[in-house]
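Please read the following walk through one protein chain with the coordinates open beside it. The text starts from the order of the elements and then turns to individual residues.

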Amino acid sequence: GKRGSDRALVARDGGEEFAGLFPEVDLQGVQRIAELVRREVEATPIENRGEAIFVTVSIGVAVSPHHASTAMELLARADAALYSAKQNGRNQVATAGRELPSQKPTPINR
């Protein structure tokens, strides 16, 4: 069978944010993936009109069932961790805490 990381999905979540799903990957594995992405983005220049521009990325990590039991809780915890990474200096990976953020997730309209 396929390993969980072979079924990863990354999609734009709005604006400049992306969400990544890594089925069957544990917390340490997701943290390693996130840190690898962060380092690769930081080290890879983007050429713009002949000039190299370096960018950075802030990443929030949350895993189920460690941080949440529903998809909406998981997304809320990852988003709170992302906010924490941005508030603490950017260009870093932050892992969700065990408490849900104070904001309630917006329900999905079907």
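Counted from the N terminus, the elements of the protein chain follow the order β-β-α-β-β-β-α-β, which comes to two helices and six strands; here helices (H or I, at least four residues) and strands (E, at least two) are DSSP runs, numbered from the N terminus. The model is a predicted one, in which local features need pLDDT of at least 70 and side-chain atom pairs count only at pLDDT 80 or more, while totals for chains, interfaces and linings use all residues. Residues are numbered from 1 along each chain as its sequence is written, and side-chain values use heavy atoms, with hydrogens and water left out.

Some totals come before the details. Of the 110 residues of the protein chain, 22% count as buried, where buried means under 20% relative accessible area, exposed means over 50%, and partly exposed lies in between (1.4 Å probe, protein chains only). The chain exposes about 8300 Å², of which carbon and sulfur atoms supply 51%; accessible areas come from the Shrake-Rupley method with a 1.4 Å probe, and for residues only the protein chains shown count as cover. Among contacts between residues at least 6 apart in sequence, 43% join residues at least 24 apart, a contact being heavy atoms within 4.5 Å.

Strand 1 (residues 9-14) and strand 2 (residues 17-21) run antiparallel and are joined by five bridges, and two strands are said to pair if DSSP finds at least two bridges between them. Leu9 has Leu21 in strand 2 as its bridge partner. Two residues lie between the strands of this hairpin, and Gly15 in the turn has a positive phi of about 55 degrees.

In the loop between strand 2 and helix 1 lies Glu24, which has a positive phi of about 65 degrees although it is not a glycine. Glu24 counts as exposed because its relative accessibility is 68%. Helix 1 (residues 27-43) contains Ile33, and at 25% relative accessibility Ile33 counts as partly exposed. Leaving out residues up to four places away in sequence, Ile33 touches Phe22 and Val25; the C-alpha atoms of Ile33 and Phe22 are 9.5 Å apart, with the two residues eleven apart in sequence.

Further along, attention moves to the loop between strand 4 and strand 5. Val55 is found in this loop and counts as partly exposed at 31% relative accessibility. Together with Ile46 and Ile53, Val55 makes a nonpolar surface patch of about 220 Å².

Ser58 is found in the loop between strand 4 (51-53) and strand 5 as well, but Ser58 is buried, because its relative accessible area is 16%. The side chain of Ser58 reaches the backbone nitrogen of Asn91 at 3.2 Å. Apart from its neighbours within four places in sequence, Ser58 is in contact with Leu82, Ala85, Lys86, Arg90, Asn91 and Gln92. One of these, Arg90, is found in the loop between helix 2 and strand 6 (93-95) and has a positive phi of about 65 degrees although it is not a glycine.

One backbone feature remains. Which peptide bond joins Ser64 and Pro65? A cis peptide bond does, with omega at about 5 degrees, and Pro65 is found in the loop between strand 5 (59-61) and helix 2 (71-87).

Key:
Polar contact = N/O pair within 3.5 Å; in protein donor to acceptor, adjacent residues only side chain to side chain. Patch = residues over 30% accessible without salt bridge, like charges linked within 9 Å, V, L, I, M, F, W, Y side chains within 5 Å. Salt bridge = Lys/Arg side-chain N within 4 Å of Asp/Glu carboxyl O.
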